[in-house]
Amino acid sequence: MPAKDTYYLTTPIYYPNDIPHIGHGYTTVAADVLARWRRLRGDRVHFLTGTDEHGENIARAAAKRGMTPQEHVDEINPRWHDMLSLLDISNDDFIRTTETRHTARVQDFMQVLYDRGDIYLDTYRGAYCVFCEAYYVADELVDGRLCPVHRRPVEQREQENYFFRLSHYAEQLLRLYDAEPSFVQPAVRRNEVRSFVESGLQDVSVSRVSFDWGVPVPWDDKHVFYVWFDALLNYVTAIGYGSDPDAFQRRWPADVQFIGKDLIRFHCVYWPAMLLAAGLALPEQVYAHGFLLVGGEKMSKSNATGIRPAELVDHFGVDCYRYYFLREISFGQDGSFSWESMEARYTTDLANDLGNLANRVLHMVGSYCGGTVPEPAVAAGDAESALAGGLAAAIEGLAAFDRLDFKKGLEDLWVGIGAVNRYVEARAPWKLHKQGAADELGRCLYTCVDALRIIAVLISPVMPDAAARLWAKLGLDEPLSAQRYPATVQPGLLPAGAKVERGELLFPKLAE
Ligand SMILES: [Zn+2]
C-alpha cells in the first residue's frame, strides 16, 4: 500500500438549487488559494469540490418544473462550473453526488457500518424542517415551533428510520477534540462543538422513506439515505474509497476541509464519528470560516444581499475579487463586504502600491536601458539592505498561509511591496540617470526588477492572473509555474539581460 503523499483539501459541496453568491465564492477562493500555495511549496495537491444533488428539496424543485430530479440537476449544474471558471479556481476534481462513482461507494460505506452493528432500525418522532431536511429537538426551535435557520414552521414527523449509533462515539470525539486541538479550527468552533457533544449525543436518523430521490439503502429498498450522510461521503468516494485503494491511501486523510461555521455539527461531530465507525483515519483539520455580511445581514439566496460573484468580477476583475475578501476579513471570523471598501482596496493596494510600482520600474528600464535589465555592476549598499529586509519579511510572512491566516500573509506581503516603493523613492533612478551614474542606476533597476520577480511569485496563489501578466512583462525563460517557495523567491536570482516589457497596466483605472 502506498503512503499518503498528497495534500488533500475540500470545499463543502454546493447545493445546486442555490444561485452562486459571494458566500460560495468566499469558501471556494480560500480553498483555491491554499491549493495554489501548497503547489507553490512543492506539494502534490488534490483539490476537490462538487455538488450535493439528492434530497427532498431537489425532488420538489424538479417536480415544480415538470422535470425528473436528474434532468433538473443536470440542467442547473453548469452554473457551478461557471462560478469556478469565473473565479480562476484550480480544483482537480468536481464530484456530483448523483454519479455512480459516488452512489455505489456510499452504499459500500454504509453497509460496513450496518454490518458492524452501528446502524439499526427504529421509529423516529420529531420536529422536521423540510427546507433544512433536518430534525430539530424542541429547545433548538424558535418560539417552540419555527426552524432556527429558516424561521418557518416545522412539521411533526414520525417515521421508521435507520439510525446511526452516534451516541457510542461521544467519548472518542471528546478525546479527539482534546488530544488534537487542530482538528476543529478556529478554537471558538472547537469549543462550540465540544460543548454540543458534552451535552449528550443522541443517535441520528440516516435514512428516509417518504421520498426516493437519494441513494437506496442496499439492505432495505424502501429507504434512501438521508441526504446529509450521502453528501458527507463525497470527501472519500471522490478519491477512490472502495474503488481505488492506492489512490485513496495516497490522499486520505484530508489535510484541510473547509466549511462555513453553520456546518460544524455535520462536519465536526457526525463526520468524524462515521469515519471512526468505518475504521478510517480522520481529517487533519476541519476549518470553519465565518459569514460574509452585507449591511449586517448574512449572505443568502433568500434575501437581497445575495450578490453574484460576476457583478464584482465584471467591475473589479477576478484578481481584486480574490484578493479583497482574504485581505479585508480575518479568515475564521465574520466579515462585512462593501462596494466602497473593495474600491478602496483596488485603488490603494492594487492599482497604486503594486500596479504603479511595476509600471514605473518597467518604464524606467525601457527608457534608460532600452528594455534590457542591466547587470548589477556595483555591490549592494544600505538602501538595498533595507529593501532586502522588507522583502525577507514579506517572504517569511507569507508562510502564514500555512495556518490559513491569509490576512496576515497579505499584510506582510504589502509591507514588502511598500519597501520596494520606498527604495525607488530613496534611490531616485531618474536622478541617477541624469547624473550619468550608470553603474548605480544598473544596480538600482536590477534590484527593482528582481523584486518584481519575487512579488509576482508571492502574489500568484491569491492573484494568479495578475501574477501571470506581471511575469510575462519580465521576459523570463522559466515559467511561473516552475517557481517554488521559498527556493526561487530569494533576491538576486533574476538573470541579467532579461528583456522586459511595460505593456498594459496591471490594474487599470476602474470604470466609473
Ligand atoms: Zn430550516
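Trainee: Why is Asp88 called partly exposed?
Mentor: Asp88 has 17 C-beta neighbours inside 10 Å and therefore counts as partly exposed; a residue is buried if 20 or more other C-beta atoms, placed from the backbone, lie within 10 Å of its own, exposed if 12 or fewer, and partly exposed in between. This is a predicted model, in which local features need pLDDT of at least 70, side-chain atom pairs count only at pLDDT 80 or more, and totals for chains, interfaces and linings use all residues. Residues are numbered from 1 along each chain as its sequence is written.

Trainee: What makes Leu404 count as buried?
Mentor: Leu404 has 24 C-beta neighbours inside 10 Å, and therefore counts as buried. Its phi is near 60 degrees, a positive value in a residue other than glycine. Asp88, likewise not a glycine, has a positive phi of about 60 degrees.

Trainee: Why are H1 and H12 called oblique to each other?
Mentor: Helix H1 (residues 22-40) and helix H12 (residues 309-328) pack at an angle of about 45 degrees, with axes 10 Å apart. Axes are lines fitted to C-alpha atoms, for helices over the stretch in contact, and angles run from 0 to 180 degrees between N-to-C directions. Angles under 35 degrees count as roughly parallel, over 145 as roughly antiparallel, 65 to 115 as roughly perpendicular and the rest as oblique; H1 and H12 are therefore oblique.

Notes: Helices (H or I, at least four residues) and strands (E, at least two) are DSSP runs, numbered from the N terminus.
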